[in-house]
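Biologist: I am new to this structure. Please show me how to read a few of its features.

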Amino acid sequence: PGTVSGGVYLGGSPYTGLNSRVLTQATQEVAALFQRNDNVTAFTLSKIPFVEGIFAQPNKVPYSLKTFWAGVGLVSTPLDIKLTYNRQQDPEPLLKMGREGTLPLVVLHGADDHVVNGTVLVQELKTVPWKDLEVVILPGVGHGAFYEDVKHTMEYIGQLVERVDTPQHVDAHQYVAKL
């Protein structure tokens, strides 16, 4: 009891096989630099525009937070990033749960996201007959919704928890009872 099953995507979407389309051209160009292991300077400098591009208003984000995120980004090697962007995935199990309604999903996307193209994201999600899907576009927010609009981000996550904490979504209650 108390187990909740659902998904929350912040500035992203479930992998459907078409995800490269949702990245903006600028993000795709920076991602190519992320994957270079022949030039440490290019790899390092590519982190800065990415971090700046996460926020709708980067000039309002504390310097210490941006440098922290840039530093954390340097921990991932070019190989790590290459595997993240290019790994083979089978989207069918996730899509099956979406079609069956066994995986409720909330996608929170900033209207001013410069990393993910929101229009393409919404179009892509509409191609999947997801039974329990809510897409929320947050005004004045970039790719970092969890930072730029904590209040609404937490409200929508809380609403998902309330919605899925019911017998129609949570078969875990029966499963746990059998254990």
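Modeller: Start with contact, which means heavy atoms within 4.5 Å. By that rule Asp-149 touches Leu-138 and Val-141, not counting residues up to four places away in sequence. This is a predicted model: local features need pLDDT of at least 70, side-chain atom pairs count only at pLDDT 80 or more, and totals for chains, interfaces and linings use all residues. Residues are numbered from 1 along each chain as its sequence is written, and side-chain values use heavy atoms, with hydrogens and water left out.

Biologist: Where is the place of Asp-149?

Modeller: Helices are DSSP runs of H or I with at least four residues, strands are runs of E with at least two, and both are numbered from the N terminus. Asp-149 sits in the loop between helix H8 (145-148) and helix H9 (150-164).

Biologist: Which side chain of opposite charge is nearest to Asp-149?

Modeller: Lys and Arg count as positive, Asp and Glu as negative; His and the chain ends are not counted. A salt bridge puts a side-chain nitrogen of Lys or Arg within 4 Å of a carboxyl oxygen of Asp or Glu. Buried means under 20% relative accessible area (1.4 Å probe, protein chains only). Asp-149 is buried without a salt bridge, and the nearest such side chain, Lys-151, is 7.2 Å away.

Biologist: Which residues are buried in helix H3?

Modeller: In H3 (residues 47-54) they are Lys-47, Val-51, Gly-53 and Ile-54. Seen down the axis of H3, they fall within an arc of 165°, so they line one face of the helix. The arc is that of the directions from the helix axis to the C-beta atoms. Their cover includes helix H1 (25-34) and H8.

How values were computed. Buried < 20%, exposed > 50% of the residue type's maximum accessible area, 1.4 Å probe, protein only.
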